[in-house]
Amino acid sequence: MSDAGRSITSIILVTYNKLEYTKQCVESIRRHTQQGCYELIIVDNASTDGTVEWAKNESDIILIANSSNAGFPKGCNQGMAAASGQLLMLLNNDTIVTPGWLDGLKRCLFSDDRIGAVSPVTNSASYWTTIPVTYHTIEEMELFASALHAIPDRMKWEERVKLVGYCMLMRREATERIGPLDECFGIGNFEDDDYGLRMRLAGYKLILCGDTFIHHFGSVSFGAQPELYLQTFENNSKIFSAKWGFHPGEATHIRMDFSTVIQRESHGFKREECAILEIGCGCGATILHMKKQFPAAVWFGVERNELAAQVAEGSGITVFRSSEPEDWMLPEEGLSGIIIGDSHAYGTPQAMKRLVGLLAPGGWITGCFANRFYYENIRQYLDPANVNAQRQAAMQYTLQQVHQLFVQSGFAYVKVTLAENKPEDQQAFIGMLDQLTGKAISNELTAAYLLVYGRIAHDAPQEVTGDEEQGEAPAPVGDASAADERLEVPVSESLKVPVSESLKVPVGESLEAPVKNSTYADGTIQDDRKPVLPTQEVAGALAEQNDVMFTGERLVVNQAVKQDYSSVYHEHMSRYTFAGPLVKGLRVLDAACGAGYGSAMLKQAGAAEVVGVDVDRASLALAERDYGGSGVSFADADVLALPYADDSFEAVVSFETIEHVAIGADWIKESARVLKEGGLFIVSTPNRTVTNTPIYFEELPFNQHHRFEYRTSELIGELVQYYAIEAVYGQNIYDDSLFPTMRWLREAHGMAPERAATYKREWNPHELIPLHELKSAEPMYIVVVCRKNKRQQGG
């Protein structure tokens with residue numbers, strides 16, 4: 001081991017009561033940290049629960065006992081001044097460290113002399129430092145952490161503009177260069193934000209180590225005094241703002257929502273060299289996050305606050321201080337994309353077109369607009385005392401307005417995403433507003449802001465006519481649609497609101513963590529318990545496309561999808577696994593094959609030949625690269641106009657395709673044309689009864705990728721024109737008793753809303769269940785197996 005590896009680490013705990021937590025923390029340090037490589041310093045701020053007396057009797061603890069509550073920043077400074085180590089660790093006493101924790105952090109810290117501080121991931125902390133956990137007890141937690149530490153993974157290290165101070169390992173030379181924590185923050189809050197930015201300005205990097213984990217109970221000291229916390233939070237945010245010239249929750253905010261939208265829409269983006277500009281980049285936090293995902297990009301920023309701009313420049317971002325596009329020195333070939341955090345300044349076609357002129361062909365702009373229909377905005381607007389109502393309305397937009405703005409500005413493709421925030425305590429008020437409008441807009445009422453993505457055509461953008469300037473929006477091109485996708489994001493994630501003490505886990509007993517289900521933008525519910533299915537064995541033989549980002553539209557097989565979109569992954573695998581035996585020995589067309597994994601699975605299952613077709617050329621290139629070969633080929637083709645003769649195939653597989661085309665009946669007819677007489681057609685699609693209950697067939701679904709969605713009877717009604725139905729299956733079954741409308745109807749008729757437990761079907765999200773077995777239940781997806789009618793000769 002190097003000299004640096006043998007350096008003493010001074011671990012500093014600042015305590016104020018909560019002795020039971022302190023004991024548990026210290027014991028975990030002793031258990032999981034090599035003896036002789038650390039010293040333990042406790043700075044106590046006049047605890048009254050026996051902390052000082054206990055610490056005095058512990059031979060391995062250096063105690064500094066204050067006569068009053070000196071505050072967290074000063075306590076840390078006292079500990080650092082007394083420390084003898086070349087490494088300084090600030091650690092909250094409401095943590096439990098884990099096997100290999102310090103070695104993991106040191107491994108990252110020593111990997112680059114420019115790294116000044118590092119921090120682990122955890123189960124409970126702000127600023128996107130948490131990861132999903134599955135443990136319930138301390139023993140399970142240690143096993144969970146050990147598995148994460150077992151394989152060091154630099155790919156899980158992420159540079160940040162600040163770190164959360166609950167656990168932060170620092171080089172002494174970095175702390176000596178920037179000085180002590182600022183004690184003007186009193187008993188604590190934002191001192192770690194301040195310290196991190198100072199370290200960035202001094203030229204040091206800060207790294208979040210995603211391969212090192214410790215447990216954090218969270219806000220133990222403040223949790224017992226919520227009023228004090230809120231007062232301190234407010235006061236210290238003002239101190240921070242006065243010192244830096246910006247609010248702590250703004251210039252350092254990471255726009256995870258923008259990152260998600262850009263990944264979803266800009267397919268293949270990370271594999272290409274490109275140039276991206278963020279207007280209002282602050283300290284560069286969002287760009288830093290996206291740099292890790294898209295390392296080939298060159299980044300530019302616009303930021304008028306000088307200190308924030310300097311912090312961003314330390315991350316290798318070219319930052320312009322002027323807000324005028326004419327002053328920006330950008331690549332002659334144009335930008336691939338522009339990100340705008342506060343887009344109301346570009347809320348006219350004229351202003352937006354100035355930015356469009358900076359784009360290269362195929363370039364995109366994504367912007368954030370305040371939503372006029374957000375319930376809190378409506379409440380403020382209707383308040384008679386609100387003298388800023390008109391100004392407020394001028395800076396807020398409806399979903400239709402922002403869609404029209406982007407279309408008028410020359411974008412060929414437009415998508416609007418609702419960033420939802422659903423406060424439980426406001427549901428009655430939101431429901432009342434929904435009823436008053438006369439139409440269902442509950443999604444818009446709970447969306448604090450609108451994320452808009454627009455992409456110009458790959459050829460030069462056309463001039464907009466005078467009529468369009470006056471508000472006559474041209475017809476959208478391709479999939480341009482005003483329909484929304486839903487993206488559930490924490491609107492105020494950066495606020496460090498304490499957890500109620502009553503919600504905390506009793507020390508020394510268990511670490512109970514509820515199993516959570518996650519709802520994705522397309523309405524899919526992910527069961528985070530990740531059930532193991534037989535499909536995993538089949539999919540395990542497939543090549544993984546780990547260089548491809550899952551955008552939410554075309555599934556890809558890679559580690560990220562298997563981990564983060566488990567339910568979606570298994571749904572798709574189950575369908576192809578089901579179809580495999582049915583197409584054995586047949587020539588198969590895999591319609592809308594996407595990334596190509598399904599075509600490979602059908603061939604592996606025994607198909608004589610599989611031809612995969614799709615309209616996305618980037619996906620096809622990757623499909624050919626990873627899954628093409630003997631008996632599997634791919635072609636660029638529209639399913640409504642297939643480039644194949646009549647009777648070319650013996651089977652057509654069409655999973656999650658029909659809802660994407662303009663007219664579903666036309667696709668059914670075209671599929672029958674290319675099938676031999678008696679040929680097999682296997683088709684799946686979402687069931688509108690579950691996925692879009694209040695929507696009529698002719699209305700746009702909430703999933704913006706879809707043109708329409710069928711009910712089961714509607715799909716069968718179109719299929720029987722060309723096919724004889726052999727079997728119908730349901731997937732993701734929901735018992736009728738789960739539907740609010742059914743419960744309301746039963747209550748209206750004086751009946752108990754609940755269904756007898758013995759009759760309820762146990763939810764299995766992936767199994768294909770014959771439709772005849774379903775009673776008082778609806779599937780989220782329908783899978784139909786049918787054969788081409790003998791009387792049909794291809795339409």
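**Entry 1: ground rules**

In these notes a contact means heavy atoms within 4.5 Å. I call a DSSP run a helix if it is H or I with at least four residues, and a strand if it is E with at least two; both are numbered from the N terminus. I am working with a predicted model, where local features need pLDDT of at least 70 and side-chain atom pairs count only at pLDDT 80 or more, while totals for chains, interfaces and linings use all residues. Residues are numbered from 1 along each chain as its sequence is written, and side-chain values use heavy atoms, with hydrogens and water left out.

**Entry 2: the whole chain**

I started with the totals: the protein chain has 28 helices and 28 strands. Of its 795 residues, 55% are buried. For me, buried is under 20% relative accessible area, exposed is over 50%, and partly exposed is in between (1.4 Å probe, protein chains only). I also checked the contacts with a separation of 6 or more: 76% of them join residues 24 or more positions apart.

**Entry 3: the sheet with β1**

I found eight strands in an open sheet, with mixed pairing, in the order β3-β2-β1-β4-β8-β6-β9-β7. Two strands pair if DSSP finds at least two bridges between them. From one strand to the next the twist averages 25°. Angles here run from 0 to 180 degrees between N-to-C directions, and axes are lines fitted to C-alpha atoms, for helices over the stretch in contact.

I then picked one pair to follow. β1 (residues 9–15) runs parallel to β2 (residues 38–45), with seven bridges between them. V14 has V43 in β2 as its bridge partner.

**Entry 4: helix α1**

For the 14 residues of α1 (residues 19–32) that gives 20 Å, and the end C-alpha atoms are 20 Å apart, so the two agree. I also listed the buried residues of α1: L19, Y21, T22, Q24, C25, V26, S28, I29 and H32.

D112 sits in the loop between α4 (101–109) and β6 (115–121). Its relative accessibility is 18%, so I count D112 as buried. Leaving out residues up to four places away in sequence, D112 touches R171 and K205.

F190 is in the loop between α6 (172–178) and α7 (191–201). Its phi is near 75°, which is positive for a residue other than glycine. Most residues other than glycine have a negative phi. F190 is buried, at 5% relative accessible area.

**Entry 5: two helix pairs**

α13 (residues 349–356) packs on α16 (residues 399–408) at about 55°, with the axes 9 Å apart. That makes the pair oblique; by my cut-offs, under 35 degrees is roughly parallel, over 145 roughly antiparallel, 65 to 115 roughly perpendicular, and the rest oblique. The crossing of α13 past α16 is right-handed. (A crossing is right-handed if the near helix is turned clockwise from the far one by less than a right angle, and left-handed if anticlockwise.) P349, M352 and K353 of α13 meet L405, F406 and Q408 of α16.

For α22 (residues 566–579) and α23 (residues 597–604), the axes come within 9 Å and cross at roughly 30°. These two helices are therefore roughly parallel, and α22 also passes α23 in a right-handed crossing. From α22, H572, M573, Y576, T577 and A579 meet Y597, G598, M601 and L602 of α23.

**Entry 6: the sheet with β25**

Here I found eight strands in an open sheet of mixed pairing, ordered β23-β22-β21-β24-β25-β28-β26-β27. β23 (632–636) and β27 (769–770) each have a single partner strand, so one side of each has no neighbour in the sheet.

β25 (residues 675–686) and β28 (residues 777–788) are antiparallel, over seven bridges. T685 has I782 in β28 as its bridge partner.

Which helices lie on this sheet? α25 (residues 664–674) lies across β21 (587–591), β24 (649–655), β25, β26 (723–735) and β28, at about 150° to β25. α27 (residues 712–719) packs on the sheet too, touching β25, β26 and β28, and its direction makes about 5° with that of β28.

Last stop was E656, in the loop between β24 and α25. E656 has a positive phi of about 50°, though it is not a glycine. With 16% relative accessibility, E656 counts as buried.

Technical notes
The expected span of a helix is 1.5 Å times one less than its number of residues.
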